[in-house]
Amino acid sequence: MKVVNIFALVALFGLSSCLTIVNTLTTSDTIVNDSRVEGLWVDGERKQILVQKLMDSRFKNVFKELDPKDYTRQDSINYIKHYVITYRENALEYIWLAGLVEIHGSFYLNLQAEECLSNGKEIYGGLATSSIAKLSWESNNSLVIRFLNGDSIKEIILEGKARVRHMYDPLFGTFIITASSQELRQFLEKYGDDNRLFKGGNSIILNRKS
Amino acid sequence: MRKAIIISCLIFSLAIFSSCLRTLYPIFLEDDVIFNESLIGYWNCTDSKGNDIGSYEFKPIPKAMRSELPAGIIKISDSGYLVTRNDSLGHEIGRNIVFLAKIGKNQYLDFYPVETPLQKTINKHFRDHYIKVHTSYRCDVKNTNYFELREFDYGFLEGLIANNQINMTLSGNKLIESTTQELQEYILRYGDNPKAYGSATKCSRVVNY
């Protein structure tokens, strides 16, 4: 695919809502690594995005800072297989954690917001959740990330056309998927190839810089 | 420290917050909402040992802010408060939309966070990954110049759930998934039990500020 066509496909983050999940898609049994995602990437806005293995990032010493009683061996296996994504936008530094899962030959990304820093100081906090995106390679140097469309999935679920554990509070308009990691996987096994889940959702195309 | 927190976010194990109760659903229904004008004002607060823990400023929800509110809330926004919380040095540490609700014979405040102007400049996709949760307190207004807040104690509820004494749903991060109806059943059953609450935060009106 020509680069010009790739950029024509790009819809920037923020145009529609992502699907918010409380529990991560990844577990120690399902998380995988793929070295092709590592490196420095450029998106459609020429923004540079660094993807590192967690143990190559500034979070590598986190286990030394935690009480061993606070996590299990499975937790640490899941954790160290994550990637750290870093980029700058409008003078803010964004940091995400990403975990990769393979389901029926397709790769899915569990993306969790980690930090937003202004001059090194964290300016956003709260209860961090994850979203899910499908990841595919155009080549080793170009990848496409398509997020599940939270708005359309919410509609599908509230109309009773698909069953996933969730909570919905009409008063405050809160809608969150509360399904377990296994239930999320089962959902993607069943519906992961259904384009309606992604239609109108955010997508981003990254091209390798180095 | 955020680094130390991230693993907890991943494994949803131990607390990343204090021992308070955080819920996905509000504790109130529309009909439970009451408005007490005497809460409007600036309050200095201390913990049970008398230590200064900062201040709360209660204001009516500004009309200009209503467009930012969830649709379900707009119609009751006249009965809500915009509450700004400051630390003991006077620095703003959070803003919340707050509703006072009468559940059983007691009154409760339900806090729901709103974004500060600085936070609104952050990428929406990033912000969408943070869910807003409700934090609730029993509110005992003693007189027009003094009230006490008592946070629900997470440990007490956790013990009830562990011993199958109550049917409520716990998620990771000490988050309570139970519906408003289930939360109210809990409040009606244990609302007068002192063990269901943490220690009191005591707030006194600042007359001239």
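**Exercise 1. Determine which residues of helix H3 of chain A are buried and how they are placed around the axis.**

Solution. The model is a predicted one. Step one is to list the buried residues of H3(A), which include A:Asp75, A:Asn78 and A:Tyr79. Step two is to consider their directions: these residues cover an arc of only 100° around the axis, which puts them on the same side of H3(A). Step three recalls a general rule: an α-helix has 3.6 residues a turn, so residues three or four places apart point the same way. Step four turns to the other side of H3(A), where A:Arg73 and A:Gln74 are exposed.

**Exercise 2. Describe the overall dimensions and composition of chain A.**

Solution. Begin with the secondary structure: chain A contains five helices and 13 strands. Next, compare the radius of gyration with the expectation for a compact globule. For 210 residues that expectation is near 17 Å, and chain A has 17 Å, which agrees. Along the principal axes, the C-alpha atoms of chain A fill a box of roughly 50 × 45 × 35 Å. Of the 210 residues in chain A, 36% are buried. Finally, take the contacts in chain A between residues at least 6 apart in sequence: 67% of them join residues at least 24 apart.

**Exercise 3. Trace the strands that pair with strand E5 of chain A.**

Solution. First, strand E1 (residues 31-32) of chain A pairs with E5(A) in the antiparallel sense over two bridges, and A:Ile31 stands opposite A:Val101. Second, strand E4 (residues 83-89) of chain A pairs with E5(A), also antiparallel, over seven bridges; here A:Tyr87 stands opposite A:Tyr94. E4(A) and E5(A) form a hairpin with two residues between them, and A:Asn90 in the turn has a positive phi of about 50°. Third, E5(A) and E6(A) pair in the antiparallel sense over eleven bridges, with A:Glu115 in E6(A) as the bridge partner of A:Ile95. This pair is likewise a hairpin with two residues between the strands, and A:His104 in the turn has a positive phi of about 50°.

**Exercise 4. Characterise the contact between chain A and chain B.**

Solution. Start with the residue counts: chain A gives 44 residues and chain B gives 39 residues. Then identify the contributing elements of chain A; those giving two or more residues include helix H2 (62-65), helix H3 (73-80) and strand E5 (92-103). The largest share of this side, five residues, comes from E6(A). By class, the side of chain A that touches chain B has 22 nonpolar, 14 polar and eight charged residues. Lastly, look for pairing between the chains: E8(A) and strand E8 (residues 130-131) of chain B pair in the antiparallel sense over two bridges, and A:Ala128 stands opposite B:Tyr130.

**Exercise 5. Is A:Ile177 buried or exposed, and which residues does it touch?**

Solution. Locate A:Ile177 in strand E12 of chain A. Now list its contacts, leaving out residues up to four places away in sequence: A:Leu19, A:Thr20, A:Ile21, A:Val22, A:Val164 and A:His166. For a distance along the chain, take A:Lys69, which is 108 residues from A:Ile177; the C-alpha atoms of the two are separated by 29 Å.

Note on methods. Residues numbered from 1 in each chain as written. Chains lettered and ligands numbered in written order. Predicted model: local features only at pLDDT ≥ 70, side-chain atom pairs only at ≥ 80, totals over all residues. Helix = DSSP H or I, 4+ residues; strand = E, 2+ residues; numbered from the N terminus. Rg over C-alpha atoms; globule rule 2.2 N^0.38 Å. Buried ≥ 20, exposed ≤ 12 C-beta atoms within 10 Å, placed from the backbone. Contact = placed C-beta atoms within 7 Å. Nonpolar A, V, L, I, M, F, W, Y, C, P; charged D, E, K, R; others polar. Pairing = 2+ DSSP bridges. Arc of directions from axis to C-beta.
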